[in-house]
Amino acid sequence: MNYNFNENRQFDIIAIGRACIDLNAVEFNRPMEETMTFSKYVGGSPANIAIGSSKLGLKAGFIGKLADDQHGRFIEQYMSKVGIDTSNMVVDKEGHKTGLAFTEIKSPEECSILMYRQDVADLYLDQSEVHEEYIKKSKVLLVSGTALSKSPSREAVLKSISLAKKNDVKVIFELDYRPYSWNSSEETAVYYSLVAEQSDVVIGTREEFDALENRTTEGKNEDTVNYLFKHSADLVVIKHGVEGSYAYAKSGEVFRGLAYKTKVLKTFGAGDSYASAFLFALIRGKDIETALKYGSASASIVVSKHSSSDAMPSVEEIEGLIEKNETISVG
Ligand SMILES: Nc1ncnc2c1ncn2[C@@H]1O[C@H](COP(=O)(O)OP(=O)(O)O)[C@@H](O)[C@H]1O
Ligand SMILES: O=C(O)C[C@@H](O)[C@H](O)C(=O)COP(=O)(O)O
């Protein structure tokens with residue numbers, strides 16, 4: 001089954017939200033207390049997705065706010081270098097700083113992220129900095145959940161969604177739930193359900209959908225999709241880590257994507273690489289089942305490498321892995 005987009009657009013995908021810095025432990029397999037060196041990469045879920053899509057050959061743009069400093073300029077230069085249109089990335093003039101994510105790789109299974117996100121520039125994106133003329137040039141608007149956690153970024157994202165809907169741009173909501181960004185789980189559920197109900201495609205892990213539904217116990221995928229299909233969504237992707245992922249179409253079809261065997265270095269970066277390759281395949285006209293394979297293969301490559309953004313694979317690497325067909329059967 002294929003998914004249709006408005007073909008007549010300059011951009012395949014425009015992402016909105018944070019573009020930040022990842023500082024990944026160079027000495028891995030040890031706690032961060034003992035880590036002395038970190039490598040710098042561009043990070044932030046929507047930036048990673050835009051980078052992954054652009055490296056695969058999609059025409060990507062980005063709407064966001066950068067700090068007026070060395071980090072902000074590094075991010076803009078890197079994104080531009082990988083082919084992303086940065087014309088709608090505005091520079092903060094009020095002294096807000098770039099968000100930082102220090103990553104700890106204690107073991108391939110035990111990874112964590114220590115985020116510095118107090119008063120970060122990306123959450124100061126203002127609704128006046130979101131332009132209809134730009135959004136209407138794209139097939140897809142990719143919205144990241146964390147950008148809804150604080151005003152004025154929240155209103156900027158809500159405006160981008162209504163402009164997308166007005167101009168027949170598909171709204172794709174990547175839940176990207178980071179609990180510490182929010183005041184409470186109740187607040188998260190309010191904004192997540194508001195946006196999920198307006199989105200065409202919703203992508204997240206089972207735990208992230210539980211946050212959307214404000215559940216403390218694990219929900220059932222069938223209940224989640226039944227609820228979303230009462231609104232705008234016609235495709236819902238629910239990820240289950242190494243057990244793979246499911247795509248539910250409103251027509252009633254269900255597709256499963258299995259994870260591919262790999263030598264895991266760290267677990268983060270899986271979700272963003274998955275989203276970028278899944279969307280690449282879908283936009284390039286592959287069927288949903290094949291798009292799940294692209295997402296899973298891309299994730300399996302990125303978890304074997306050191307970064308989330310710079311490690312985003314090429315089409316050839318992804319297709320090579322799919323060809324080998326070494327899937328993981330758990331669950
Ligand atoms: N250890 C792993 N080995 C291979 N692939 C993995 C592994 N963990 C996750 N993946 C792939 O990445 C996808 C997304 O991972 P998941 O952990 O569910 O999302 P997130 O990174 O957003 O939390 C999975 O559906 C799977 O295909
Ligand atoms: O999203 C962030 O701000 C941090 C990311 O850049 C980081 O690389 C990461 O955590 C990605 O993890 P994922 O959500 O599992 O793809």
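Ile 14 lies in strand S1 (residues 11-16), where strands (E, at least two residues) and helices (H or I, at least four) are DSSP runs numbered from the N terminus. The model is predicted: local features need pLDDT of at least 70 and side-chain atom pairs count only at pLDDT 80 or more, while totals for chains, interfaces and linings use all residues. Residues are numbered from 1 along each chain as its sequence is written, chains are lettered from A and ligands numbered from 1 in the order in which they are written, and side-chain values use heavy atoms, with hydrogens and water left out.

- Ile 14 is buried, because its relative accessible area is 0%; buried means under 20%, exposed over 50% and partly exposed in between, with a 1.4 Å probe and protein chains only.
- The C-alpha atoms of Ile 14 and Ala 60 are 5.6 Å apart in space, although the two residues are 46 apart in sequence.
- With neighbours within four places in sequence left aside, Ile 14 is in contact with Gly 61, Phe 62, Ile 63, Tyr 134, Ile 135, Ser 138, Val 140, Leu 141 and Leu 142; contact means heavy atoms within 4.5 Å.

**Nonpolar cores**

- The largest nonpolar core has 56 residues, and Phe 62, Met 79 and Phe 278 have the most contacts inside it. Such a core is a set of buried Ala, Val, Leu, Ile, Met, Phe, Trp, Tyr and Cys residues joined through side-chain atoms within 4.5 Å.
- Helix H8 gives the most to this core, with 9 residues.
- A second, separate core has 35 residues, including Phe 173, Val 195, Phe 209 and Val 236.
- In soluble globular proteins, nonpolar side chains tend to be buried together.
- Phe 278 is in contact with Ile 203, Leu 235, Val 237, Ile 288, Ala 291, Leu 292 and Gly 295, when neighbours within four places in sequence are left aside.

**Ala 291 in helix H9**

- Ala 291 belongs to helix H9 (residues 288-302).
- Ala 291 counts as buried, because its relative accessibility is 0%.
- Beyond four places in sequence, Ala 291 is in contact with Phe 278, Ala 281 and Leu 282.
- Ala 291 and Lys 261 are 30 residues apart in sequence, and their C-alpha atoms are 18 Å apart in space.

**Helix contacts**

- Two packed helices are described by the angle between their axes and the distance between the axes. The axes are lines fitted to C-alpha atoms, for helices over the stretch in contact, and angles run from 0 to 180 degrees between N-to-C directions.
- The axes of H1 (residues 45-56) and H8 (residues 270-283) come within 8 Å and cross at roughly 45°.
- H1 is therefore oblique to H8; angles under 35 degrees count as roughly parallel, over 145 as roughly antiparallel, 65 to 115 as roughly perpendicular and the rest as oblique.
- On the H1 side the contact is made by Ser 45, Asn 48, Ile 49, Gly 52, Ser 53 and Leu 56, and on the H8 side by Asp 272, Ala 275, Ser 276, Ala 277 and Phe 280.
- These residues divide into 5 nonpolar, 5 polar and 1 charged, where Ala, Val, Leu, Ile, Met, Phe, Trp, Tyr, Cys and Pro count as nonpolar, Asp, Glu, Lys and Arg as charged, and the others, Gly among them, as polar.
- The axes of H9 and H10 (residues 315-324) come within 9 Å and cross at roughly 105°, and these two helices are therefore roughly perpendicular to each other.
- In this contact, Lys 293, Tyr 294, Ala 297, Ser 298, Ser 300 and Ile 301 of H9 meet Glu 317, Ile 318, Glu 319, Leu 321 and Ile 322 of H10.
- By class, the contact of H9 with H10 has 6 nonpolar, 2 polar and 3 charged residues.

**Loops and backbone geometry**

- Ser 151 and Pro 152 are joined by a cis peptide bond, with omega about 5°.
- Pro 152 is placed in the loop between strand S8 (138-144) and helix H4 (153-166).
- Asn 167 lies in the loop between H4 and S9 and counts as buried at 15% relative accessibility.
- Asn 167 touches Arg 9, Glu 132 and Lys 136, not counting residues up to four places away in sequence.
- Asp 168 is in the loop between H4 and strand S9 (170-174) and is exposed, with a relative accessible area of 54%.
- Asp 168 has a positive phi of about 60° although it is not a glycine.
- Asn 214, in the loop between helix H6 (206-212) and helix H7 (221-228), is partly exposed at a relative accessible area of 37%.
- Phi of Asn 214 is near 55°, a positive value in a residue other than glycine.
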